[in-house]
Amino acid sequence: MATASAANDREPFIDGEWQGGDAVIDVTDLADGGVFARVSAADQSQAESALAAAEDAQSALAATTVPERVAWLETIAAELRERKAELAEIIVREAGKPIASARGEVESAAERFERAVGEARDLTGEYREGTTAGHEGWQAITTPEPIGTVLCITPYNYPLSTTALQVAPALAAGNSVVLKPASKTPVSAAILTEIISATDIPEGGFNFVPGHASEIGDVLSGSSAVNAIAMTGSSAAGEHVARESRIVNLHMELGGNAPAVVFPDADLDATAGDCAKGALKYAGQRCSAVSRVLAHEEIHDDLVEAIDDAMDEWPAGDLFDEETALGPLISAEQADWVEELIQDARGKGARLVRGGERDGRFVEPTLLADVPRDARIVREEQFGPVIPVTKIENEDDAVSVANASDLALDAAVFTADHDRAMDIAERIDAGAVRINGAPSHGLGDIPFGGNKRSGINREGIDVSIEQFVRRKSIVL
């Protein structure tokens, strides 16, 4: 594949070539203001060319060996680490992430490519024998083969590490890839594309199509060239992609509104720290963020006070300052949405404990107490730095409130009673429940995904690979 130069490494990459275009995406600098990068936006014709290139490359990708794929993955991981400082700065600017967190994201992306190495080596077939009457003596082998072309639709909140979580398993399984990054954060994906293009992946095997979803989204998701779609995004966007897609494997991690259920026997100081971290990390712009705290009425006030204290550990400031823990939201429109939810809750009787103000894209870390159950923030995804605390009466009440939302991605339960923890965890409708900790899934070793409008199937290095292969049985 061709290697991008400094002048053209922010263009679509299609069939082994960097291609410019007339339309441009201006990427906002969330650290210093203004525009820090311009990326050529792929048009419909280029999206179709990328799909055709990926489809044409399927046989070449399928013919590659596991050692060849392992070499790609190891090279990509090493180069990500080599360019860690550059990538971290890009993530700070395009995503508004504090520098320490941005460095961690680059490391996570590299490790995900490394973890895919082991999973690629585990892609082996199996031998079976007939076990039913009339099939005695039958023998068969089942072998995994690439599903074909994987369309990766990635989000703005983790523009490199979530991209790695989709791309690494797809390549490890021997598939061709079309990558469509979020239009707000395409630059780190462009650098990843440059790194991948320098490997010996067959031409057309990896394609990068930055662009606006309104322009190329339906062209990509509705194409007969696509065999699987991996997507992280909002529930509404996921539902639209699902409607447009054909008979493909859908692999979607969508919206979340994770409840943290807290009982009187929980360690309140530790719980408060976990709730603050779960809610405020990356200013709450995470699908798995603690989005609502359901506190038993006996300890509601004490927990609110403890959370208020814990929020002091999340200072805002210059995104390149090592001590900064909190930055802006991705856009003024997102800040408008969060502000609207705060005002709705306060209008319905919630008590403002701290924060509540916004300045442009920045929303103050906000703590709301006595939040009524009919407040929208109890049911809807906020994607902001707000901790709403609602009273519950008992276990059944907690489960009822937790399950009232149409989002069911993550949850947490805080209690010293193991039996109660397991009972609540089993009864809450969610893809994952963390006991005595904020929701977390590691780097891909624990399956991650949701129920209801929070998605379909699960992601993770090994479980994603299973979505990107098909099994062929050969009966002997």
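In this predicted model, helix α12 (residues 395–402) packs against helix α13 (residues 418–427) at an angle of about 30°, and their axes lie 10 Å apart. Because angles under 35 degrees count as roughly parallel, α12 is roughly parallel to α13. The two helices cross in a right-handed sense. On the α12 side, the contact is made by Glu-395, Asp-396 and Val-399, and α13 contributes Arg-420, Ile-424 and Arg-427. Sorted by class, this contact holds four charged residues, two nonpolar ones and no polar ones.

Two packed helices are described by the angle between their axes and the distance between the axes. For helix α2 (residues 66–82) and helix α5 (residues 161–172), the angle is about 155° and the axes are 9 Å apart. Since an angle over 145 degrees counts as roughly antiparallel, α2 is roughly antiparallel to α5. Arg-69, Trp-72, Leu-73 and Ile-76 of α2 meet Ala-168, Leu-171 and Ala-172 of α5. Here the contact has six nonpolar residues, one charged residue and no polar residues.

Next comes the sheet. Strands of a sheet pair through backbone hydrogen bonds, either parallel or antiparallel. In this model, seven strands form an open sheet with mixed pairing, in the order β14-β17-β18-β13-β12-β20-β21. Which strands stand at the edges? They are β14 (351–354) and β21 (432–435); each has a single partner strand, so one side of each is left without a neighbour in the sheet. From one strand to the next, the twist averages 25°.

Within this sheet, strand β12 (residues 258–262) pairs with strand β13 (residues 290–296) in the parallel sense, over five bridges. Helix α9 (residues 268–280) touches β12, β13, β18 (386–392) and β20 (410–414), and its direction makes about 135° with that of β18. Helix α10 (residues 300–310) touches β12, β13, β14, β17 (366–369) and β18, with a direction at about 165° to that of β18.

Finally, a word on confidence. The protein chain averages a pLDDT of 95, and 98% of the residues score at least 70. Over residues 1–9, however, pLDDT stays under 50, and the model has 26 contacts beyond four places in sequence for this stretch. Where pLDDT is low, the predicted coordinates should not be read in detail.

How values were computed. Residues numbered from 1 in each chain as written. Predicted model: local features only at pLDDT ≥ 70, side-chain atom pairs only at ≥ 80, totals over all residues. Heavy atoms only, no water. Axes fitted to C-alpha atoms, helices over the stretch in contact; angles between N-to-C directions. Helix = DSSP H or I, 4+ residues; strand = E, 2+ residues; numbered from the N terminus. Parallel < 35°, antiparallel > 145°, perpendicular 65-115°, else oblique. Left-handed = near helix turned anticlockwise from the far one by under 90°. Contact = heavy atoms within 4.5 Å. Nonpolar A, V, L, I, M, F, W, Y, C, P; charged D, E, K, R; others polar. Pairing = 2+ DSSP bridges. pLDDT = per-residue confidence, 0-100.
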